[in-house]
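Okay, thanks for coming, everyone.

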Amino acid sequence: MSHGHHQRTPFVATCPDCNVERDAEPANEVVEFYRRHHRHTGHDVVLTRADLDVDLEAEVALEDPATDVATVVDALESHYETGVPIGIVAAAMRQRGFTVGETLEAIYEVRMTGALYEPRDDHLAAF
Ligand SMILES: [Zn+2]
């Protein structure tokens, strides 16, 4: 047993194909990790730890990732003044069973419909 890690980072992302694990803090580092890893390998990345401050009632079953992404942003928005970091959205989507890649795809889809926008880079708000 290693005692090297005294502090838990709130977010940990893993590539199940490579068994590469990455601590992320802040949450958007999960997305940076995904983008880099996906670019080099084509692999998807999963959050294995996501300590969210906000309880999202994740048990609500919804029909598709696009609907979930919109719901998650809507629920979290009041907690973030300048948009919800997409890493936080990915963490909330993880509770609903989606990977980081699936989450980013869903975000892209919903942004195309105009229901979500980015008040700044990699942060989301709902119209
Ligand atoms: Zn990989």
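I'll go through the overall layout, then the sheets, the helix packing and the core.

First, a caveat: this is a predicted model, so local features need pLDDT of at least 70 and side-chain atom pairs count only at pLDDT 80 or more, while totals for chains, interfaces and linings use all residues. Residues are numbered from 1 along each chain as its sequence is written.

So, the layout. The chain has four helices and six strands. Going along the sequence, you get β-β-α-β-α-β-α-α-β-β. Of contacts with a separation of 6 or more, 63% are between residues 24 or more positions apart. Contact here means C-beta atoms, placed from the backbone, within 7 Å.

Now the sheets. Strands of a sheet pair through backbone hydrogen bonds, either parallel or antiparallel. For us, two strands pair if DSSP finds at least two bridges between them. S1 and S3 are joined by four bridges, and if you want a spot to look at, Val-12 is opposite Arg-49 in S3.

S4 connects to S6, residues 123-126, through two bridges, with Val-84 opposite Leu-124.

On to the helices. How do H1 and H3 pack? Their axes are 6 Å apart, at an angle of about 85°. Axes are lines fitted to C-alpha atoms, for helices over the stretch in contact, and angles run from 0 to 180 degrees between N-to-C directions. H1 and H3 are therefore roughly perpendicular; the cut-offs are under 35 degrees for roughly parallel, over 145 for roughly antiparallel, 65 to 115 for roughly perpendicular, and oblique for the rest. From H1, the contact uses Asn-28, Glu-29, Val-30 and Val-31, and from H3 it uses Ile-86, Gly-87 and Ala-90.

H2 and H4 have axes that come within 8 Å and cross at roughly 80°. That makes this pair roughly perpendicular as well. Among the residues in the contact are Val-69 of H2 and Ile-107 of H4.

Last, the core. A residue is buried if 20 or more other C-beta atoms lie within 10 Å of its own, exposed at 12 or fewer, and partly exposed in between, with C-beta atoms placed from the backbone. Buried residues are 33% of the chain's 127. A nonpolar core is a set of buried Ala, Val, Leu, Ile, Met, Phe, Trp, Tyr and Cys residues joined through C-beta atoms within 7 Å. Which members of the largest one touch the most others? Val-30 and Val-89, out of 32 residues. H3 gives the most to this core, with seven residues. Leaving out residues up to four places away in sequence, Val-89 touches Val-69, Val-72, Val-73, Val-84, Thr-103, Ile-107 and Leu-124.

How values were computed:
Two residues are in contact if their C-beta atoms, placed from the backbone, lie within 7 Å.
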